[in-house]
Amino acid sequence: LNEHWKIAHQTPQLNVDDSNSSNTEMIERNLPIRMMSKVIRGFGRGSKDLGIPTANISRENLSCKISFDSLPCGIYWGFARLEEDEKGEDASSSKDVDGEKTGQQSDLFPGGVFNAAISIGYNPCYGNEEKTIEPHLIAPPNHPARAASACQETQFPDLYGASIRLSIVGYLRPELPFEGLDKLVEAIKNDIVKSEALCEKEDDEVTVGEKLWVGSSEDV
């Protein structure tokens, strides 16, 4: 995520500091936020350091009605779906040990609409200088990619190159500078549990509508 964003649509800047309740309300008034992009390589910390992989969103391919620089930092919940890449290759095809596509469907690679816990910001525990958007896709209960832990975080294989549709539906909390990775992992797992519960609100019109949009071919 080190290049300039190419935005398909521009709207007025939000310029939100989410450190107090009034700014939290401002964030929530601008939700949901829809976007489409590509999954690219990030820092690799989600899988290696934290054991919680994320799909890093490409700046170059982003289509969103809010400019990237205006997207308020914080932790959110919503929905995500991967699609075929530009070459027409199915993103759910598995790969062999050399990274070549085998043409076989991987049981661990995501298909369909997934719940998601989403981070937007600079990862204060690492002091990033580049802003990132990183959804963690949450597989359904009893899916083989779910880990054997309290929150059952999802362990999908690499998602690089896939197109992604993402709806940021609700706000959970601001980014926080946790003391140590253990505290950070604990917070992220709590975010996953909360996100999964909120995504299952079938009586909420906005939630249901955004899940339908992610599963559709409509523009942002």
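Strands, labelled E, are DSSP runs of at least two residues, numbered from the N terminus. The model is a predicted one.

Start by colouring the chain by pLDDT. The mean is 75, and 67% of the residues reach 70 or more. Select residues 1-19: the pLDDT is below 50 here, and the stretch has 64 contacts in the model beyond near neighbours in sequence. Then select residues 87-108, where the pLDDT is again below 50. Beyond near neighbours in sequence, residues 87-108 have 35 contacts.

Next, select helix H1, residues 21-29. Which residues of H1 are buried? They are Asn23, Thr24 and Ile27. These three lie on the same side of H1, because the arc they cover around the axis is only 105°. In an α-helix there are 3.6 residues a turn, so residues three or four places apart point the same way.

Keep H1 on screen and show strands E4 and E9 (163-173) as well: the buried residues of H1 pack against both. Now turn to the face of H1 that points away from the buried side. Ser21 and Arg29 are the exposed residues there.

Last, select Ser70. This residue sits in the loop that runs between strand E3 (63-64) and strand E4 (74-83). Is Ser70 buried or exposed? Buried means under 20% relative accessible area. Ser70 has 2% relative accessibility, so it counts as buried.

Key. Residues numbered from 1 in each chain as written. Predicted model: local features only at pLDDT ≥ 70, side-chain atom pairs only at ≥ 80, totals over all residues. Heavy atoms only, no water. pLDDT = per-residue confidence, 0-100. Contact = heavy atoms within 4.5 Å. Helix = DSSP H or I, 4+ residues; strand = E, 2+ residues; numbered from the N terminus. Buried < 20%, exposed > 50% of the residue type's maximum accessible area, 1.4 Å probe, protein only. Arc of directions from axis to C-beta.
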